[in-house]
Amino acid sequence: MYGGAYETKTPCFATIALDAKRFSLDGDNDHENALRFHVMNKKMLEALRSALVQVFNEAYDSFLEGRRLLSNPDIPALPTIIKAIQARAALWGRNARADRGDAASLEGTPEYVRSLALTAYKALYHKKSIPISRLSLTRLLKEAGGVDLISRLAEPAADALMAAATIVQIDTGWEASTVLNMDLNPFVGTVKKNSIIVRAVVSRKKRAGGKLRNAALIDIDGSDEEPDKDVAIPLKQKGLKTAYQIIIAYREMTAHIRDSLGGKSKSKLWICRSSRPVNENVYDAFVRFLAKNEHDPLLGRLPLTRRSIKRTKFNVDAGATQGNIPLAQARGDHSDLRTSIAYLSAPAVRALFQHKLREYLNQLDVMIYHGVDDLAVKLGISEHDLHRRKALGIENGLTELLSETALPPSAPEKLSEELNNLNPSDDALRSLCLAGEALEARWEEMAAKNPARFLRAWVPWMAVVQALATKILNGRHRIKFKTVLKRVRSELALGQTLMPAIW
């Protein structure tokens with residue numbers, strides 16, 4: 001439906017859930033379908049973000065626990081720990097049961113031993129050359145709970161990196177590679193309103209000539225327990241939750257690693273202790289994360305990918321803008337309207353243009369019945385909406401439909417009587433059916449290839465055809481119209497009639 005060249009093939013979360021039969025859509029109600037689709041995308045994205053926030057906060061809590069252990073005043077200095085490890089390594093046979101000397105300083109409560117091991121780990125474990133044997137260091141780490149435990153107390157592992165980077169990707173709507181390319185200080189501006197702080201962040205795409213991408217991250221200063229209702233942050237979660245807080249925390253957690261790095265890596269935000277590329281670490285951690293959450297009612301056992309996050313985020317934002325594609329285009333940081341259309345999923349595209357059709361039909365009613373007394377009351381709208389529809393109708397080229405003289409008070413009844421006296425011929429109904437079938441078959445492709453021209457040239461025609469069909473179906477010619485429509489569709493299916501060519 002997107003015209004081939006402009007299709008974004010990566011599915012959004014709701015499409016993946018739909019294919020897995022987690023929910024269903026009504027075949028005839030585009031508006032209801034779009035709402036269900038939007039809600040499913042939003043719920044899944046929020047569920048993913050919430051689970052990732054929990055993963056990151058667990059890692060950050062471990063880091064803070066490590067900091068607390070290192071602040072213990074009873075922990076000896078690193079040279080003393082090294083000396084004690086060397087002394088213990090020299091003990092064997094009868095000496096091991098005699099006076100242990102300096103080696104005795106390695107003994108104590110579990111927390112004390114863990115503090116010693118953490119100090120030794122941060123200072124020695126990742127160095128090529130150390131003053132003690134690797135075996136002796138490993139022995140101390142095992143006594144403290146194991147290398148994995150001590151490493152998580154010292155610095156973030158791949159799961160913390162994945163959680164932090166993916167949360168930022170969800171909040172910015174960027175590609176995964178653009179997020180991983182962020183500099184150490186990506187913030188370029190701040191705007192504050194009450195307790196809400198909006199921070200502008202930038203990064204460069206890995207492709208497209210390093211194009212600069214920008215986004216706005218929402219933060220809360222904590223002074224207001226009931227902030228703006230439009231702020232889409234799960235406030236009920238404890239701990240760090242906004243992307244800004246998580247970025248600051250991750251910089252804090254990686255400061256020790258960064259001091260040992262050189263070159264360009266030191267200036268990048270997303271780093272971790274690994275010889276593998278950052279993207280590979282994040283990918284593997286995301287796979288493990290999905291496996292761990294396979295029983296989640298929304299996310300479990302679905303083939304979700306980090307690539308799908310961008311399209312899901314765009315569809316959620318577009319649904320929140322109520323069909324305002326230029327606004328969604330700006331939020332998605334797209335340079336071309338066609339790109340924005342391509343990122344919308346099928347139910348959203350259908351609902352968008354159905355919304356445009358309804359708008360045009362509303363404008364058409366106001367322009368046609370302009371002279372009717374109390375028109376706003378008869379249409380069930382306010383005077384403000386009536387004037388707005390009229391202004392939009394004039395802007396969209398419907399000026400010629402305005403009556404130069406007001407219709408008499410009996411005009412509505414007279415118009416209804418004239419409509420009841422209409423006697424559509426077979427040829428007229430056949431032409432109307434062919435026009436409707438041609439528009440239905442091609443509108444999605446035309447909308448994707450040239451959305452601006454489609455809105456300008458073809459939405460009015462779709463509105464007129466739909467309005468005529470609705471009037472006839474609600475009148476006494478409905479049986480005749482249905483018969484002609486059935487005959488036309490049969491001829492088209494058998495190749496006995498050619499569909500009008502529209503472009």
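**Entry 1. Salt bridges, overall**

I take a salt bridge to be a side-chain nitrogen of Lys or Arg within 4 Å of a carboxyl oxygen of Asp or Glu. With that criterion I searched the whole structure, which is a predicted model, and the search returned 23 salt bridges. I then looked up several of them one by one.

I began with Lys42 and Glu46, which form a salt bridge whose closest N and O atoms are 2.7 Å apart. Both residues lie in helix H2; being four residues apart there, they are separated by about one helical turn.

I next looked up Arg68 and Glu65, whose side chains meet in a salt bridge at 2.8 Å, N to O. These two residues are three apart in helix H2, and the separation is again about one helical turn. I noted a relative accessible area of 39% for Arg68, which makes this residue partly exposed. Glu65 has 29% and is partly exposed.

**Entry 2. A salt bridge between distant parts of the chain**

I turned to Asp183, which forms a salt bridge with Lys268; the closest N and O atoms are 3.0 Å apart. What does this pair link? The pair links distant parts of the chain, 85 residues apart. I located Asp183 in the loop between helix H8 (176-180) and S1, and Lys268 in the loop between helix H10 (255-259) and helix H11 (278-292). Asp183 is partly exposed, with a relative accessible area of 40%, and Lys268 is partly exposed at 23%.

I also recorded a network: Glu175, Lys205, Arg213 and Lys310 are joined by salt bridges that share partners.

**Entry 3. Aromatic pairs**

I looked up the aromatic pairs and found seven in the structure. One of them is formed by Phe23 and Phe37, with 6.5 Å from centre to centre and 50 degrees between the planes; this pair is tilted. Phe23 sits in the loop between helix H1 (13-19) and helix H2 (30-70), while Phe37 sits in helix H2, so that I count this pair, 14 residues apart, as a link between distant parts of the chain.

I then examined Phe187 and Tyr244, whose ring centres are 5.1 Å apart. Their planes stand at 65 degrees, and therefore the pair is edge-to-face. Phe187 belongs to strand S1 (residues 187-193) and Tyr244 to helix H9 (residues 243-253), so the pair ties together parts 57 residues apart in sequence. I asked which side of the 20% cut-off each residue falls on. Phe187, at 19%, counts as buried, whereas Tyr244, at 22%, is partly exposed.

**Entry 4. A charge over a ring, and a cluster**

I returned to Tyr244 and checked for a charged group at its ring. Arg199 lies over the face of Tyr244, at 3.6 Å from the ring centre. The ring of Tyr244 that pairs edge-to-face with Phe187 thus has Arg199 over its face.

Last, I noted one aromatic cluster, formed by Phe56, Tyr60 and Phe63.

How values were computed: Residues numbered from 1 in each chain as written. Predicted model: local features only at pLDDT ≥ 70, side-chain atom pairs only at ≥ 80, totals over all residues. Heavy atoms only, no water. Phe/Tyr/Trp six-rings, centres within 6.5 Å; stacked < 30°, edge-to-face > 60°. Buried < 20%, exposed > 50% of the residue type's maximum accessible area, 1.4 Å probe, protein only. Lys NZ or Arg CZ within 6 Å of the ring centre and 35° of its normal.
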